[in-house]
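Dear colleague,

My notes on what was found follow it.

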Amino acid sequence: MSQVNAQRGLSSRQETAPPTGRRQLSDMRIVQLFILPTIILLILMNIFPLIYSLFLSFTNYSVISSDPPVWVGLDNYTHILSDPDFWHNFATTGTYALLSVSLQTIVGFALAMLLRSKFAGSGIITTLVLVPMMLSPIVVAVFWRLIFNPSYGILNPILGFTDINTSPEWLGDPALALWAIVIVDVWQWSPFVMLLCLAGLSAIPEYLYEAAAIDRASVWFQFRRITLPQVMPLLLIAVLFRTIEAFKQFDLVQGLTFGGPGDATETVSVELYRLAFQGQFETGLSSALAYIVLVVIVAISNLYIRALNRLREG
Amino acid sequence: MANIELRGVEKKFGDVFAVKPLDLTIKDGEFIVLLGPSGCGKTTTLRMISGLEAVTVGQILLDGRDVTWLHPSERDIAFVFQFFALYSHMSARDNIAFPLQAAGMARHEVKERVAQVAALLRIDHILDRKPGALSGGDQQRVALARALVRRPAAFLMDEPLGALDAEFRETMRAEIKKLHLAQHATTVYVTHDQIEAMAMGDRIVIMSAAVVQQVGTPTEVYHNPANLFVARFIGSPGMNLVKAKVEPDGARLPGGGLAPISDRWRRALEGSGLEDGSVVLGFRPEAVQVHDGGALRAGVYADDLHGGYTMLHLELADGEIIHGRAARDAMNALGSAVRFDLDPDMMRFFNPETEMAILS
Ligand SMILES: Nc1ncnc2c1ncn2[C@@H]1O[C@H](COP(=O)(O)OP(=O)(O)O)[C@@H](O)[C@H]1O
Ligand SMILES: [Mg+2]
């Protein structure tokens, strides 16, 4: 048996026809065969659209018209960057991202500090806290619309507003609508920050706190000089993820306010969707907008990653 | 500076004793070594003194002040951890400054104190590096600096040299001893290395199986071990221990030889109430005097040249091996027969039942 195998191995290495009809594949070919489908899929689904949309962003193309794309140079970009409506979208998105990311960072970190010490039921509480993260944003939007509802939602009574005439209209008031989306996003995604922070906290070795106790550090000093810097790398990663998500915020807005009232909650993504798939189907213009968003997100991510590397290397 | 007093201190984890009731007074400025094999309760004892571990029963006093239930930060002690426990995200400088900054000391004063202690330990050039980028020896120096910089009343050190290379250990051992002599701070030093303990300790506390076996100066524990455990544990090799029988003319060794006993020991042995004269006879290798007219016989089993002297492994008539020191140039062919005497002043006797030393 082993002799036969040895012979077969030998013959295939010598490139002569193997005794059986089966093909012998070199390691390299097997590797290529496994990778090929992924590469083809990536090119078709990611690389090609990326490059094609870059091309389209310099044209006046619309998918519903039969005209071929006409090259217009930087027209789309100058149009977007000189239109105050678009700047309003960017400002809305930026405000939203800042509020929502900083709030969920604080809430998530605080939750992690609370759930860090093991107590009876801490496991089940941790699991329950994670539930919002697992829900679909559309489902979340639908039932938060019920919760926010001024006539029968439960939020206003909980907050102490019992008179329907004076109680806040969360989704209808331009001053409150963005906050409403922030609240829902914080509710849904603080657990994500908590999860990463919890991982970071549990990786801090106990002996650091023992050393700090010997060094007579107060609880606050320990938190500032040991806990915070030790969790910082993971906290930054959580913030990076949430920031990217915040800049792409679409589904919650679409589910809660449709960008309204007026354009109070119209984020860039919502505007992008409208440009691309409603009215005139302005494919060229929307591609340009998408590229601007991409550049902004890459730039912000880079800032975070630099901060992260600086933390690592010191 | 401070003296430390342990009164009936014990520690149980569940039903298991990590430290059985322990009484110990450590004098101001003393360098005391806790010595014992791994798992005997040294670290636990040290952690109880520091306050990192609560005592199960007993009292701990610092300078007469009862600190048994005080937080580590209220005891004015420094602790050097076995694996350094440096703050990995901070530079060596910040590590050393940490206890001062925690106390809210002014910036220029912190700078001054850190510079002083860094000069003392000769680590000025590595202050800006993080612990991960330092060698074991430098990490140890930073850990020592962090303990020294606060000028605490007492130092507790848990196997501070355990993680270092053998050659480096000797340098650091001398350095720590020198620091102690300069500062004269009360120090409790834990080690499992008896050579280290003998070299460094003013007094040694020998522990085994959660129990203190003996407390004494290096000379005391070497020459007058309190029991068989200490006799075996101290010295390399440990004390020779052979079963012997006390007879009117001396101690009868296994295989027939008779070693004369001094009058002092004879009286002590008579008063000790041993049954049928069975004892364990103990003697250090340097008590063995090899010469042609010796009363005892043995065969040479092996010999190790130690530079300054030769360590002979001698096989007694019943096959038992003992160690004896001989001159560097002594020529003894393997397997040859030798004669030797035992220095009567250096013989020690132990009760074979209780394993305790018989006192003269
Ligand atoms: N936190 C703990 N929980 C349970 N058992 C412990 C704990 N710490 C130490 N022990 C036990 O107590 C005994 C003494 O440990 P330790 O003081 O660390 O010994 P040493 O430092 O002499 O090696 C050991 O048997 C060890 O397993
Ligand atoms: Mg230990």
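**Domain interface in chain B**

Between domain 1 of chain B and domain 2 of chain B an area of about 710 Å² is buried, with carbon and sulfur atoms giving 58% of it; buried area here is the accessible area (1.4 Å probe) that two parts lose on being put together, summed over both. This is a predicted model, in which local features need pLDDT of at least 70 and side-chain atom pairs count only at pLDDT 80 or more, while totals for chains, interfaces and linings use all residues. Residues are numbered from 1 along each chain as its sequence is written, chains are lettered from A and ligands numbered from 1 in the order in which they are written, and side-chain values use heavy atoms, with hydrogens and water left out.

Domain 1 spans 4-233 and domain 2 spans 240-350, bounds that come from an automatic or database domain assignment, and their centres, taken over C-alpha atoms, are 39 Å apart. The contact (heavy atoms within 4.5 Å) takes 9 residues from domain 1 of chain B and 6 residues from domain 2 of chain B. Of the area that domain 1 of chain B buries against domain 2 of chain B, 60% is supplied by B:Tyr222, B:His223 and B:Leu228, more than any other three residues.

The count of salt bridges between these two domains is 0, where a salt bridge is a side-chain nitrogen of Lys or Arg within 4 Å of a carboxyl oxygen of Asp or Glu.

Leaving aside neighbours within four places in sequence, B:Leu6 is in contact with residues including B:Leu22, B:Leu24, B:Ile49 and B:Ile60.

Best regards
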